[in-house]
Structure formats: structure tokens, C-alpha cells
Amino acid sequence: MTRIRASCPVCGEVDLQPADVTLHLVRHGDEDVGDGSCYRFACPACLDVVTKPADERIAALLQTGGVEVELLGPDAGREPHPELPPGGPALTPDDLLDLHQLLERDDWFERLVALTP
Ligand SMILES: [Zn+2]
């Protein structure tokens, strides 16, 4: 079984199985391994997820070891927004005041539901 030696910032050198590691490759044009490429593993000792940059040499080594590869586009270096921003106009101080006054009423919930399309 191939073992991969990696280093955790907390624990130092740790031995991993290929299945513990994911290699993210970002392609820029013809390059196989562009900026933003990295590999990620959960440290077997402290269970922290460690992400390290991967250059061409590291990527080749990991792939030889049987590590799963995720191919990503050039925009992949940016983390996706965790949730879609809500639509509609921004909340204004007037809206907030309206909401505050609404919440002071006993029937605020019924009124709020009535406002929702
Ligand atoms: Zn660790």
C-alpha cells in the first residue's frame, strides 16, 4: 500500500493513505498545474484539514501514489460563496423601523405572512 508522507503544521510529519488526500489541480491554458493548485488532507493525528499548495512535482508524486484528482477551472482558486445572496432591494433603516413596529403588534406574524407574496 502506498503511503504518502505529508506535514501537518501542528503534528509535523504524518503518514497518509492515498484515499486520505485530494489533489485539486487548477489549469491555466495549457498548463497542467497552475497557480491555486493544492492538495488537502485530514491529519490523522489532530483531524485538522490541512491544505498545501501543489506544484508540478508534488502533483506528479501524488498522482503516482494514486491520489484522487479534482480538475478545476482557472476561477477555482476563489472559494465559492457559501450561499446565494438573497434577491430584492437592500434593507433600509426605514424597513427596519417598520419591522420593529410590526413586531410590537400581537398579530405581527399574520401580518408578516400577509406581506409575503
Ligand atoms: Zn495534525
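Good morning. I begin with the metal site: a zinc ion is held by the SG atoms of Cys 8, Cys 11, Cys 43 and Cys 46, at 2.3 to 2.4 Å. Donors here are N, O and S atoms within 2.8 Å of the metal (3.2 Å for Na, K and Ca), and since water is not among the atoms, sites may look incomplete.

Before going further, a word on the source: this is a predicted model, in which local features need pLDDT of at least 70 and side-chain atom pairs count only at pLDDT 80 or more, while totals for chains, interfaces and linings use all residues. Residues are numbered from 1 along each chain as its sequence is written, and side-chain values use heavy atoms, with hydrogens and water left out.

What is the arrangement of the four donor atoms around the zinc ion? The arrangement is tetrahedral, because the donor atoms subtend angles of 107 to 113°; for four donors, that term requires all angles to lie between 85 and 135 degrees. Along the sequence, the donor residues follow the spacing C-x2-C-x31-C-x2-C.

Buried means under 20% relative accessible area, exposed over 50%, and partly exposed in between, with a 1.4 Å probe and protein chains only. Of the 117 residues of the chain, 22% count as buried.

Let me turn to the fold. The chain has three helices and six strands, in the order β-β-β-β-β-α-β-α-α. These elements are DSSP runs numbered from the N terminus: helices are H or I, at least four residues, and strands are E, at least two.

Strand β1, residues 4–8, pairs with strand β2, residues 12–16, in the antiparallel sense over five bridges; pairing requires that DSSP find at least two bridges. A hairpin of three residues joins β1 to β2. Within this pair, Arg 5 stands opposite Asp 15 in β2.

Which helices each supply at least two residues of the nonpolar patch? They are α2 (93–103) and α3 (108–115), and the largest share, five residues, comes from α3. The patch covers about 860 Å², and its members include Leu 91, Leu 96, Trp 108 and Phe 109. Leu 96 lies in helix α2 and is partly exposed, with a relative accessible area of 49%.

Thank you for your attention.

Methods:
Patches are made of residues with over 30% relative accessible area and no salt bridge: like charges are joined within 9 Å, nonpolar side chains (Val, Leu, Ile, Met, Phe, Trp, Tyr) within 5 Å. Accessible areas come from the Shrake-Rupley method with a 1.4 Å probe; for residues, only the protein chains shown count as cover. A salt bridge is a side-chain nitrogen of Lys or Arg within 4 Å of a carboxyl oxygen of Asp or Glu. Four donors count as tetrahedral if all angles lie between 85 and 135 degrees; four count as square planar and six as octahedral if opposite donors are over 155 degrees apart and all others between 65 and 115; anything else is irregular.
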